[in-house]
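These are my notebook entries on one protein structure. I record what I looked up, entry by entry.

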Amino acid sequence: TDRQLEAVVVRDQRVAVLAPLLALLLAFGFLVGLPQAATAEDGGFSPPDLKEASSARALKLGKALKELKAVLFGAYWCPYSDAERQALGRGVFEPVPRRAWDKEGLVRYIECDERGSGAEPELCRAAG
């Protein structure tokens with residue numbers, strides 16, 4: 001019928017508009033999430049740098065997670081683990097300079113990919 005044909009045309013027009021936009025967003029996300037160059041120290045890849053300082057809310061959550069001895073298992077190339085790191089910020093994952101004895105931030109990040117810098121794949125396998 002004409003109504004069904006009209007619905008198909010409208011749907012196809014939406015797809016024609018959305019498909020290039022989706023492709024652009026995916027390409028941008030892929031480019032932003034590319035791993036950094038290998039480091040000279042251990043030859044591994046590093047996750048993207050943390051862009052923002054932690055909010056007061058993220059620091060409060062980070063302190064609670066530290067009490068629980070929580071860790072974040074991730075991979076340098078994984079957009080999900082990077083999203084978690086970015087959401088919590090530098091204050092949660094990076095060590096505090098004035099506390100030299102504390103070599104980690106509030107939440108420990110464990111690199112699971114063997115190609116990653118400081119990788120600990122055996123811990124990842126043991127954690128499941």
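**Entry 1: Leu 50.** Leaving aside neighbours within four places in sequence, with which residues is Leu 50 in contact? I took contact to mean heavy atoms within 4.5 Å. I found that Leu 50 is in contact with Arg 85, Gln 86, Gly 89, Arg 90, Phe 93 and Glu 94, its neighbours within four places in sequence being left aside.

**Entry 2: the basis.** I note that this is a predicted model, in which local features need pLDDT of at least 70 and side-chain atom pairs count only at pLDDT 80 or more, while totals for chains, interfaces and linings use all residues. Residues are numbered from 1 along each chain as its sequence is written, and side-chain values use heavy atoms, with hydrogens and water left out.

**Entry 3: the whole chain.** I looked up the secondary structure and found five helices and two strands in the protein chain. Helices (H or I, at least four residues) and strands (E, at least two) are DSSP runs, numbered from the N terminus. Along the sequence, I read the pattern α-α-β-α-α-β-α. The chain has 128 residues, of which buried residues make up 25%. Buried means under 20% relative accessible area, exposed over 50%, and partly exposed in between (1.4 Å probe, protein chains only). Of the contacts with a separation of 6 or more, 62% are between residues 24 or more positions apart.

I also looked up the accessible surface, which comes to about 9,500 Å². Carbon and sulfur atoms account for 62% of this surface. Such areas come from the Shrake-Rupley method with a 1.4 Å probe, and for residues only the protein chains shown count as cover.

**Entry 4: the core.** Which residues form the largest nonpolar core? I listed nine: Leu 50, Ala 58, Leu 72, Leu 88, Val 92, Phe 93, Leu 106, Val 107 and Tyr 109. A nonpolar core is a set of buried Ala, Val, Leu, Ile, Met, Phe, Trp, Tyr and Cys residues joined through side-chain atoms within 4.5 Å. As a general point, I note that in soluble globular proteins nonpolar side chains tend to be buried together.

**Entry 5: helix 3.** Helix 3 spans residues 79–88. I found Ser 81, Asp 82, Arg 85, Gln 86 and Leu 88 buried in this helix. These buried residues pack against helix 2 (56–67), strand 1, helix 4 (90–93) and strand 2.

Is Ser 81 buried or exposed? Ser 81 counts as buried because its relative accessibility is 6%. Beyond four places in sequence, Ser 81 is in contact with Leu 72, Phe 73, Gly 74 and Ala 75. Pro 79 is also placed in helix 3, but Pro 79 is exposed, with a relative accessible area of 52%. I noted 9.5 Å between the C-alpha atoms of Pro 79 and Pro 47, which are 32 residues apart along the chain.

Cys 78 lies in the loop between strand 1 (71–74) and helix 3. Cys 78 is buried, at 17% relative accessible area. After helix 3 comes Gly 89, with a positive phi near 90°.

**Entry 6: Arg 90.** I located Arg 90 in helix 4. Arg 90 counts as partly exposed because its relative accessibility is 31%. Leaving aside neighbours within four places, I found Arg 90 in contact with Leu 50, Lys 51, Glu 52, Ala 53 and Ser 54. Between Arg 90 and Ala 53 there are 5.0 Å, C-alpha to C-alpha, although the two are 37 residues apart in sequence.

**Entry 7: Lys 69.** I found Lys 69 in the loop between helix 2 and strand 1. Lys 69 is not a glycine, yet has a positive phi of about 60°. Most residues other than glycine have a negative phi. At 70% relative accessibility, Lys 69 counts as exposed.

**Entry 8: Ala 119.** Ala 119 is placed in the loop between strand 2 and helix 5 (121–127). I recorded Ala 119 as partly exposed, at 25% relative accessibility. Not counting residues up to four places away in sequence, Ala 119 touches Glu 111, Asp 113 and Glu 114. Ala 119 and Gly 44 are 75 residues apart in sequence and 8.0 Å apart in space, C-alpha to C-alpha.
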